Amino acid sequence: MTRDEQRDSAKKGSEGTNPEPSHIVVGRVRRPHGIRGEMRVEILTDYPERVVQHDYLYLARPHTPDDVDRYPLESVRPHKGVLLIKLEGVDDRDAAEELRGMLVQVPLEEAVPLEEGEYYHFQLIGVDVETETGEWLGRVADVIATGAADVFVVRGPRGEVLLPAIEDVILELDTEEREMTVHLLPGMLEEGSA
């Protein structure tokens, strides 16, 4: 099977498999804080100051992010690199403990509008990746946030390829057309993987 046939077959097999989520993750409940139901929430958004602007937060288990429960937001305050969040109805340490590990989300339509060149990770899943010479490497299967630069995990005919989201590597990214053009730096592909 040629690379074009592999790409076309993969495209047909994955159409419609990545629907847009209804919520965006902004944090993860780490543990209770104190005895009155406050929770320490790991920040997973570039805009933690916006969390306080929401009337409700939506919590879900990591393995079922679309099965959400809505909680009225009572308070949010920064504390030593995390957010301390108090939700209505979560009034003691035991109730907060039950929410440990939950993803804290906001509706997609309430998320911060993105600047040009910015993207949500879910928008990249399934994007076709080609080299500047036209070789199809596969599709973005995951995005790893490292703090310095995201890393795109691409799976295709050469196996798994890790691409740092830096200008020297990512030449073009079109989330509308679902295409990415990349420049491979020396050592990015293992010898003999073709």
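## Aromatic pairs

F122 counts as partly exposed, at 24% relative accessibility; buried means under 20% relative accessible area, exposed over 50%, and partly exposed in between (1.4 Å probe, protein chains only). This is a predicted model, in which local features need pLDDT of at least 70, side-chain atom pairs count only at pLDDT 80 or more, and totals for chains, interfaces and linings use all residues. Residues are numbered from 1 along each chain as its sequence is written, and side-chain values use heavy atoms, with hydrogens and water left out.

Rings of Phe, Tyr and Trp (its six-membered ring) pair if their centres lie within 6.5 Å; planes under 30 degrees apart are stacked, over 60 edge-to-face, and the rest tilted. By this rule there are two aromatic pairs. Y119 and F152 form an edge-to-face pair, with 6.1 Å centre to centre and 65° between the planes. Y119 lies in the loop between β6 (103–107) and β7 (128–131) and F152 in strand β9 (residues 151–156), so this pair ties together parts that are 33 residues apart in sequence. Strands (E, at least two residues) are DSSP runs, numbered from the N terminus. F152 is buried, with a relative accessible area of 1%.

Y120 and F122 form a stacked pair, 5.8 Å centre to centre with 10° between the planes. Y120 counts as buried, at 18% relative accessibility.

## Strand β12

E179 lies in strand β12, which covers residues 179–182. With 45% relative accessibility, E179 counts as partly exposed.

Notes
Helix = DSSP H or I, 4+ residues; strand = E, 2+ residues; numbered from the N terminus.
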